[in-house]
Amino acid sequence: MRRLIVSMNVTLNGYMADVNGGLAWHAQFWNDEIARAVTTQLAQADTILLGRRTFEAMAPYWINRQFDPLAARDDAEFADLMLRHEKIVFSRTLTRAGNWLNSRLAGKPISREVQLLKSAVGKDILVYGSGKLVIALARLNAIDEYRLWVHPIVLKAGRPLFKPISERLQLAPCSITKFRNGVVLICYEKPVISNDNRSEMTGLSNIIISRLCTD
């Protein structure tokens, strides 16, 4: 069974975008170390799920990027993977996925589409951005791992990642990575909850919090 992983840039106060949906706030933290980490993550996947707004924001950039001879080469491998991976767009309004290579519209209801993708042979399935899609997937309990790239910046206002969630999400912390620029990657998995492992999960949470404060 393939894993469905949400990879999301967030501010220290939990916003995934500014009030207008802008993402410029995290551009200043991009460096070679981050580029290597996100490229490694992308290489472990072969499919990307996107909502309409995220798709419409990303597609023009990457379409132009592949034909730009002056584009920076430090993220060339990432750009190549973005081009080659299958990209599936969930939208009620789009009628076609445009000219971005290997892109298509989801042809089935989200629950069925994701079920088929996860049961197929392949690598990880990634979700980039796409806040509404993430919420829909969370409500379906379809997300196996959240990778939150927490940036050392606070926005006055913005779009929170989990605002529309009314249900409780029980997650188990599984890893933490700190980068030189202050970004911290915290990963949470969907656990199988039982009375026997609740205390173990709480202990692991305390260990990760302690590492954040003392490393």
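Which residues does E145 touch, not counting residues up to four places away in sequence? They are R3, L4, I5, V6, C174, C187, Y188 and E189, where contact means heavy atoms within 4.5 Å. The model is predicted: local features need pLDDT of at least 70, side-chain atom pairs count only at pLDDT 80 or more, and totals for chains, interfaces and linings use all residues. Residues are numbered from 1 along each chain as its sequence is written, and side-chain values use heavy atoms, with hydrogens and water left out.

E145 belongs to strand β7 (residues 145-151); helices (H or I, at least four residues) and strands (E, at least two) are DSSP runs numbered from the N terminus. With a relative accessible area of 6%, E145 is buried. Buried means under 20% relative accessible area, exposed over 50%, and partly exposed in between (1.4 Å probe, protein chains only). The side chain of E145 also joins that of R3 in a polar contact of 2.3 Å. A polar contact is a pair of N or O atoms within 3.5 Å; within protein, one must be able to donate a hydrogen and the other to accept it, and residues adjacent in sequence count only if both atoms are side-chain atoms.

The protein chain as a whole has six helices and 10 strands. Of its 215 residues, 42% are buried. Among contacts with a separation of 6 or more, 72% are between residues 24 or more positions apart.

Strand β3 holds T47, which is buried at a relative accessible area of 2%. The T47 side chain makes polar contacts with the side chains of R2 (2.8 Å) and D46 (3.0 Å). Leaving out residues up to four places away in sequence, T47 touches R2, H85, E86, I88, D124, I125 and L126.

Helix α1 has 12 residues and spans 16 Å from its first C-alpha to its last, close to the 16 Å expected at 1.5 Å a residue; the expected span is 1.5 Å times one less than the number of residues. At the start of α1, a side-chain oxygen of N31 comes within 3.1 Å of the backbone nitrogen of E33. The buried residues of the helix are E33, I34, A35, V38, T39, Q41 and L42. An α-helix has 3.6 residues a turn, so residues three or four places apart point the same way. The cover over the buried residues of α1 includes β1 (4-11), β3 (45-51), α3, β6 (124-128) and β7.

The whole structure contains four aromatic pairs. Rings of Phe, Tyr and Trp (its six-membered ring) pair if their centres lie within 6.5 Å; planes under 30 degrees apart count as stacked, over 60 as edge-to-face and the rest as tilted. One of the pairs is W30 with F78, edge-to-face because the planes stand at 65°, with the ring centres 6.4 Å apart. This pair links distant parts of the chain, 48 residues apart: W30 is in the loop between β2 (15-17) and α1 (32-43), and F78 is in helix α3 (residues 76-84). W30 is partly exposed at 38% relative accessible area, whereas F78 is buried at 10%.

Another ring, that of W100, has the charged end of K87 over it, 4.9 Å from the ring centre. A charge sits over a ring if NZ of Lys or CZ of Arg is within 6 Å of the ring centre and within 35 degrees of the ring normal.
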